[in-house]
Each structure stands twice: as structure tokens, then as C-alpha cells.
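Please look over the chain that follows before reading on.

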Amino acid sequence: MAACGTCGSTVLFGGKQVGNLRFCSDRCAQNGRIFSQAAQVPDSEAMMFAAKIHGGPCPQCNGGGPVDIHVSHQVWSALVFSSWRSSPRISCRKCGIKAQAGDFTISLLAGWWGIPWGLIITPVQLGRNLFGMIKAPDPARPSARLLEQARVILARRM
């Protein structure tokens, strides 16, 4: 399974291929151009900006850090239709767990009702949320995902 080059969601079938990157949608493919610009951001500049984000206040609740990337996963289904997504967000651990718990609950209640994907994807998304709630990014330093996001933010500002 491939991961979207922009949002990180799983691309099971189809998607959009641009160069050596795969994207889940046209919108993500358009945003993918920024990744080529992000690769040109110097490492030192990206590290300094990631450290600033990591040590700053949470953009969700304005509380204390450390701030990092937290991903919540959701699925909902209705008979023959299933929809699932992964939502990365820059936030403190408390806000990350809150989002993961919310998506866990939605998935637990609404994920099972589609055949066949609801029955297959629901346990995956539930497990991913549980894992995310249990295992936190290292609070001592920015994660690789936050560093990459810092590069993207800096590239967009250019």
C-alpha cells in the first residue's frame, strides 16, 4: 500500500502518480508540487523552524508543548459505501489524543456498516488510533514528520 505524498493517507487503489510520488486525490497532487520546493529548503533552516514549532504553543488550544504531528484515523460506512481518511495535525499531545479518541469513537460506531470495506478497514483505523494514543512522538525533539512539515511551510512562504 502506498501513502499519499501530501497528506499521508493510505492509497489502496488508483490515486494520482506524479513522478515518483503517489497522491490520493487531484488536490493532493496539486499540493505535491510544493514538495519539490520543500526539498530545496536548507536543513539548518528547516530544523530551526521545526524546533520553534515544537517548543511553541499548541495551535489548537494555545496550551504548552511540546507540539508535534499527531494523526487521527476515521472510517464510516453505509451498506456498499465506505469512506476512510487520516488527518495529520500539528498540536500538543492532549489535542492529538482528543482528535484520535473522537475519530476512534466515530469509527467504532459508524465504520462497520459497509460491505466489504467497512469490515476490513474499521479494525485497521481503530488500531491506528489506539497506537497513536499510546505511543507519543519523542517530546525531547521534533519528529521527522514535523521536520518535513516545517520544510513544507517554509516552502509555501517562499
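Relative accessible area, computed with a 1.4 Å probe on protein chains only, sorts residues into buried (under 20%), exposed (over 50%) and partly exposed (in between). The model is a predicted one, in which local features need pLDDT of at least 70 and side-chain atom pairs count only at pLDDT 80 or more, while totals for chains, interfaces and linings use all residues. Residues are numbered from 1 along each chain as its sequence is written, and side-chain values use heavy atoms, with hydrogens and water left out. Helices (DSSP runs of H or I, at least four residues) and strands (runs of E, at least two) are numbered from the N terminus.

A salt bridge is a side-chain nitrogen of Lys or Arg within 4 Å of a carboxyl oxygen of Asp or Glu, and the structure holds 3 of them. In one, D26 pairs with K16, with the closest N and O atoms 3.6 Å apart; because D26 belongs to helix α1 and K16 to strand β3 (residues 16-18), the pair ties together parts that are 10 residues apart in sequence. D26 has a relative accessibility of 47% and counts as partly exposed, and K16, at 37%, also counts as partly exposed.

Another salt bridge joins R151 to D43, the closest N and O atoms being 2.4 Å apart. This pair links distant parts of the chain, since R151 sits in helix α5 and D43 in helix α2, 108 residues apart.

In soluble globular proteins, nonpolar side chains tend to be buried together. A nonpolar core is taken here as a set of buried Ala, Val, Leu, Ile, Met, Phe, Trp, Tyr and Cys residues joined through side-chain atoms within 4.5 Å. The largest such core has 20 residues, and those with the most contacts inside it are I53 and I90. Two or more residues of this core come from each of α1, α2 (43-55), β5 (67-78), β6 and α5, and α5 gives the largest share, 5 residues. Apart from this core lies another, of 6 residues, among them C4, C7, F23 and C28. Which residues does I90 touch, not counting residues up to four places away in sequence? With contact meaning heavy atoms within 4.5 Å, I90 touches I53, P59, Q60, V67, D68, I69, L146, Q149 and I153.

The largest pocket comes next. Rolling a probe the size of a water molecule over the atoms shows where empty space is left. On a 1 Å grid over the protein atoms alone, a pocket is an open set of points where a 1.4 Å probe fits, with protein on both sides within 12 Å along at least five of seven lines, and its lining residues have an atom within 4 Å of a point. About 400 Å³ of space lies in the largest pocket, the volume being the space filled by probe spheres set on the points. Its lining has 19 residues, of which T6, C7, F35, P88 and Q149 lie nearest the centre. At least two lining residues are supplied by each of α1 (26-38), β6 (81-92) and α5 (144-157).

Several loops carry details of the backbone. Most residues other than glycine have a negative phi, and most peptide bonds are trans. In the loop between α2 and β5 lies P66, which a cis peptide bond joins to G65, with omega about 5°. N62 lies in the loop between α2 and β5 and has a positive phi, near 65°; at 60% relative accessibility, N62 counts as exposed. L79, in the loop between β5 and β6, has a positive phi near 55° and is exposed, with a relative accessible area of 69%.

The loop between α3 and α4 holds P116, and a cis peptide bond with omega about 0° joins I115 and P116. W112 lies in the loop between α3 (93-110) and α4 (117-134) and is partly exposed at 31%. Not counting residues up to four places away in sequence, W112 touches S107, G118, L119, T122, P123 and L126.
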